[in-house]
Amino acid sequence: MNKIKNAALALTSAASIAFTGVTASSAPLKSTPVTTAVAAVDDGNDDWLHAKGSRLYDLNGNEVWLTGANWFGLNCSEGAPHYLWSADCDDLLREVSDRGINVIRFPISTERIVNWMSGKSPRLSGGGMQASYNPPTDQDDGNGGIIKAGTYGSINKDFVEADGKTFIDELSAFDVILGKCKKYGIKAFIDIHSPHTDNSGHNYNLWYGKAGVTTKVWIDSLVWMAERYKNDDTLLGFDLKNEPHGKGQEGDAAAKWDGSKDENNWAYAATQCAEAILDVNPNALIFVEGVEQSLSGAQAGDYWGMPDRKDNSPYIGAWWGGNFRGARDYPIKPKQGTSQIVYSPHDYGPSVWPQTWFAKNFTEDTLLKDYWYDTWAYINAEEIAPELIGEWGGFMDGAENQKWMTLLRDYMIKHHISHTFWCLNTNSGDTGGLWKSFSYNLGDVTDTSNGTTINWEEDKYELFEKALWQTQTTGKYIGLDHQRPLGINGTGLSLNEFYSSYAKTEGSNLDGGKKADGKPIDSIITTTVTTPVTTTTTSTTTPKPVTTTTEIMPTTPYPTTTTPPTPSPLLYGDADCDKQVKMNDAVLIMQVLANGDRYNENGSDPNHITEEGMINADCYDPGSKLTPFDALAVQKYLLHLVQLPEYNQLTPPPPAK
């Protein structure tokens with residue numbers, strides 16, 4: 001953010017608004033659902049994407065659209081996404097997914113990643129996180145005393161150790177966040193917001209030169225991340241550097257885009273970094289932003305670093321990270337090919353800075369002519385590469401800025417341009433956020449309903465929501481995970497659900513409702529065997545196919561012999577009665593518990609549970625009423641931790657007949 005053409009404007013930092021961090025034991029907070037502690041089930045690592053022309057596709061060639069938002073804080077001193085000092089992470093991500101956001105861009109600093117990779121990941125602190133966990137029973141405190149059950153509140157409980165109050169470290173916390181994203185069908189990518197950890201680090205021009213970060217350190221840290229998460233398709237890719245910028249007259253201190261091998265040549269550095277990442281994870285998307293200024297060619301002999309002229313300037317300006325004029329002659333072409341390259345301009349409205357292209361009654365046509373087309377829009381329009389507008393947003397002023405947001409939103413919809421809105425956070429000084437305020441509901445500690453009340457800037461969300469990927473008629477939000485639906489309240493779909501049931505009948509707001517024939521990806525083999533089934537699959541990512549071996553486990557209950565057992569009319573865990581046990585069953589159970597009027601046997605939703613499904617769903621202590629433990633049992637079964645039905649250790653299973 002803070003993407004200004006003229007450096008004279010002093011802007012408020014993204015995290016400069018004061019807050020009070022609350023420690024774990026500050027209030028008797030209500031417990032969160034038992035299912036929040038469960039790691040999401042791996043679905044086969046089959047959600048990787050690739051580019052062809054100006055569009056993005058999944059492994060089977062189905063078109064996808066990334067429509068998401070930014071959540072900053074990992075780039076800042078607090079060490080966690082902001083507002084986890086006020087709200088529960090599980091509640092936040094559940095509501096984000098239910099509202100149709102299918103991807104989150106997480107700004108982070110190189111310095112923070114370097115600490116992680118060197119084994120020096122510090123613990124979270126109360127300044128950036130409120131976290132606690134009610135021990136279910138009295139516990140020994142290790143010092144001769146007893147921690148009574150219910151001593152602490154229960155918020156962000158996955159971010160503390162078993163004692164209920166000691167914070168985990170930052171890297172472990174990031175893994176928890178990714179696990180929760182996976183749980184709710186949300187994808188993610190990181191953005192190197194600055195070399196150093198600093199709430200105002202985005203103001204620094206380059207990707208090197210602060211906190212001991214060199215170009216090599218920057219590349220090595222991203223390669224480490226790519227290696228660490230190469231088998232987790234929740235983290236789809238890497239935005240190499242937020243807004244490389246600087247004015248031409250700054251010379252070596254400013255990012256440029258040309259054909260040289262100079263260290264400050266962003267095109268060269270980005271290519272080297274992309275190649276290194278793709279060497280360890282050839283399936284990762286590489287998001288490459290622009291620079292601020294480019295040479296105008298106004299006069300022969302003009303060069304980068306020369307003084308500016310009042311008239312006939314040698315430089316053409318843009319928003320920070322928004323200028324791709326140099327990419328015409330010097331595109332990003334890693335040795336592995338361009339199938340993973342996504343150009344990612346940033347664009348803002350007049351409330352951030354009164355640029356010259358706003359000094360008229362601007363329209364889409366004037367914006368294209370005066371700025372958008374030659375600066376970044378040509379890349380998409382001429383089928384050079386896909387684009388993702390990494391940052392756009394602003395205040396709802398009822399005037400010019402709101403007009404600009406509407407024009408850009410509609411242009412992105414019409415031209416299948418992916419995007420991540422700036423931002424979820426409320427504390428962005430020059431744009432505001434989608435969230436408005438939070439409160440954590442107090443009350444009965446046995447209540448398992450949502451703890452956090454999240455108040456949204458509803459007028460801003462309404463403007464933004466039209467640019468979320470959704471079915472054309474029914475308005476169901478479309479996720480990027482093939483197996484998990486986006487969210488749990490029934491408003492979202494998995495990618496397979498969309499291409500199986502909706503793409504042919506109503507299409508989506510991508511391409512104005514154009515119908516499509518899709519080929520769903522099934523990473524789960526439905527069979528009855530005693531050993532894992534090993535299949536060899538070849539990625540369709542071009543131009544360098546990658547052959548991977550995936551171990552696929554059966555989803556029916558494990559037999560005890562190689563002879564298939566006699567089929568039983570009861571399949572524990574199969575809540576949706578499709579003759580297999582999948583994550584969808586855990587989701588349906590949770591939907592029944594959370595919204596019975598819609599999803600119980602007589603519910604209004606067409607996909608409500610049936611009487612047979614209720615019997616199957618009762619897979620934890622069969623004969624007891626449906627509880628969150630049944631959904632938990634399905635997830636544990638899919639992780640191969642238990643067989644179904646699962647019995648409470650205090651209630652042993654009935655004797656074998």
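Helices α4 and α5 lie roughly parallel to each other in this predicted model, because angles under 35 degrees count as roughly parallel and theirs is about 30°. Their axes sit 9 Å apart, and α4 passes α5 in a right-handed crossing.

So who touches whom? On the α4 side you'll find Trp218, Ile219, Leu222, Val223, Ala226 and Glu227. They meet a set of α5 residues that includes Trp266, Ala269, Cys273, Ile277 and Val280. Sorted by class, this contact has 12 nonpolar residues, one polar and one charged.

Now for the sheet. Eight strands make up an open sheet with parallel pairing, and reading across you get β13-β10-β9-β8-β5-β4-β15-β14. β13 and β14 stand at the edges with a single partner strand each, so one side of each has no neighbour in the sheet. Further in, β4 and β15 run parallel and are joined by three bridges. Within this pair, Ala69 stands opposite Phe421 of β15.

Here's where some of these pieces fall in the chain:

| Element | Residues |
|---|---|
| Helix α4 | residues 215-228 |
| Helix α5 | residues 266-280 |
| Strand β4 | residues 67-70 |
| Strand β15 | residues 418-421 |
| Strand β13 | residues 341-343 |
| Strand β14 | residues 388-389 |

How confident is the prediction? The protein averages a pLDDT of 84, with 82% of the residues scoring at least 70. Residues 2-42 stay under 50, and the model gives them 136 contacts beyond four places in sequence. Over residues 524-568 the pLDDT is below 50 too, and that stretch has 84 contacts beyond near neighbours in sequence.

Terms used. Residues numbered from 1 in each chain as written. Predicted model: local features only at pLDDT ≥ 70, side-chain atom pairs only at ≥ 80, totals over all residues. Heavy atoms only, no water. pLDDT = per-residue confidence, 0-100. Contact = heavy atoms within 4.5 Å. Axes fitted to C-alpha atoms, helices over the stretch in contact; angles between N-to-C directions. Helix = DSSP H or I, 4+ residues; strand = E, 2+ residues; numbered from the N terminus. Parallel < 35°, antiparallel > 145°, perpendicular 65-115°, else oblique. Left-handed = near helix turned anticlockwise from the far one by under 90°. Nonpolar A, V, L, I, M, F, W, Y, C, P; charged D, E, K, R; others polar. Pairing = 2+ DSSP bridges.
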